[in-house]
Amino acid sequence: MSLQGKNALVTGGSRGIGRAICLELARQGANVAVNYAGNAKAAQETVEACKALGVQAVAIQADVADAAACEAMVKEVLTRFGRLDILVNNAGVTRDGLMPMMKEADWDAVLDTNLKGAFHCMKAVYRPMMKQKYGRIVSISSVRSILGMPQDYIAYCTSKGALNMYTKQIACEWAKYNIT
C-alpha cells in the first residue's frame, strides 16, 4: 500500500508505538507530523528518521488535553503540508492505582490525554477532512480496553474502552464525508 502524497499527524509520535507508526507511515510515502508533549529531542530523532526515508517530517509540540493546542497543531500541519489526510490518535498516559486510593487529579490526567485528547484532535481535523471529502483516523487502544486486568489500571482501561466506542461512533457519523 502506498501513501505517497498523503500527510499524517501522529499524536504521541516521538517514542515507542508512536515512533514506529511514524516510521511505517514514512516508509509508505506519507509526510509525517510528529506530535510530542515534552520530549523535543526524541521527537526530532523521529523526524530525522522519517526524513531519511525520503518524506517531509516536522515535530510539533502540543498537549492533546488542551483544545486550543490541538487546533493550533492541526493549523500548523495544514500550513506545512497543505492538507491533512491521516490522524493517528496515539498519545496516552497512565497514572493508575487502586480505585479507592486514586487521586481525582490522576484520573483526570489519564482521561484528559487518552480520551479527551482524541476528542480535541478529531474535532480539529473535522472541517479540513470534511472539506476535502477524505480522511483516515486511527485510534490506538489496548487489550486493556476490553479485558479486565488484575493490575491497578482503572483509569487507563476506562479511557481506552471509551476511546474504542468514541472512534466507532465517529466512523459512523463521518463516513458520509469519506472520513473513515
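1. **Ground rules.** Because this is a predicted model, local features need pLDDT of at least 70 and side-chain atom pairs count only at pLDDT 80 or more, while totals for chains, interfaces and linings use all residues. Residues are numbered from 1 along each chain as its sequence is written, and side-chain values use heavy atoms, with hydrogens and water left out. Helices (H or I, at least four residues) and strands (E, at least two) are DSSP runs, numbered from the N terminus.

2. **Helices α1 and α2.** Start with helix α1 (residues 16-27) and helix α2 (residues 40-51), whose axes come within 9 Å and cross at roughly 20 degrees. That angle makes α1 roughly parallel to α2. Axes here are lines fitted to C-alpha atoms, for helices over the stretch in contact, and angles run from 0 to 180 degrees between N-to-C directions. Angles under 35 degrees count as roughly parallel, over 145 as roughly antiparallel, 65 to 115 as roughly perpendicular and the rest as oblique. The crossing of α1 and α2 is right-handed; a crossing has that hand if the near helix is turned clockwise from the far one by less than a right angle, and is left-handed if anticlockwise.

3. **Who touches whom in that pair.** On the α1 side you will find Arg19, Cys22, Leu23 and Ala26, and on the α2 side Ala42, Glu45, Thr46, Ala49 and Cys50. Contact means heavy atoms within 4.5 Å. By class, six of the α1 and α2 contact residues are nonpolar, one is polar and two are charged. For these classes, Ala, Val, Leu, Ile, Met, Phe, Trp, Tyr, Cys and Pro count as nonpolar, Asp, Glu, Lys and Arg as charged, and the others, Gly among them, as polar.

4. **Helices α3 and α4.** Next, look at helix α3 (residues 67-81) and helix α4 (residues 104-132): their axes come within 8 Å and cross at roughly 40 degrees. This makes α3 oblique to α4. From α3, the contact uses Ala67, Cys70, Glu71, Met73, Val74 and Leu78, and from α4 it uses His120, Cys121, Lys123, Ala124, Val125 and Pro128. Nine of the residues in the contact of α3 with α4 are nonpolar, one is polar and two are charged. The crossing of α3 past α4 is right-handed.

5. **Helices α4 and α5.** The axes of α4 and α5 also come within 8 Å, and they cross at roughly 15 degrees. The two helices are therefore roughly parallel to each other, and their crossing is right-handed. Among the α4 residues in this contact are Trp107, Leu111 and Phe119, and among those of α5 are Ile154, Tyr166 and Trp174. The contact of α4 with α5 divides into 16 nonpolar, four polar and one charged residue.

6. **The cores.** A nonpolar core is a set of buried Ala, Val, Leu, Ile, Met, Phe, Trp, Tyr and Cys residues joined through side-chain atoms within 4.5 Å. Buried means under 20% relative accessible area, exposed over 50%, and partly exposed in between (1.4 Å probe, protein chains only). The largest nonpolar core has 28 residues, and Leu9, Met73, Leu87 and Ile137 have the most contacts inside it. At least two residues of this core come from each of β3 (57-61), α3, α4 and α5 (154-174), and α4 gives the most, with seven residues. A second, separate core of 20 residues includes Leu3, Cys22, Leu25 and Ala26.

7. **Alanine 62.** This residue lies in the loop between β3 and α3. Is alanine 62 buried or exposed? Alanine 62 is buried, with a relative accessible area of 3%. Setting aside neighbours within four places in sequence, its contacts are Asn35, Tyr36, Ala37, Ala69 and Met73.

8. **Asparagine 31.** You will find asparagine 31 in strand β2 (residues 31-36). Asparagine 31 is buried, with a relative accessible area of 13%.

9. **Two residues with positive phi.** Most residues other than glycine have a negative phi. Lysine 133 has a positive phi of about 55 degrees although it is not a glycine, and it sits in the loop between α4 and β5 (136-139). Asparagine 178, also not a glycine, has a positive phi of about 60 degrees. Asparagine 178 belongs to the segment after α5 and is partly exposed, with a relative accessible area of 32%.
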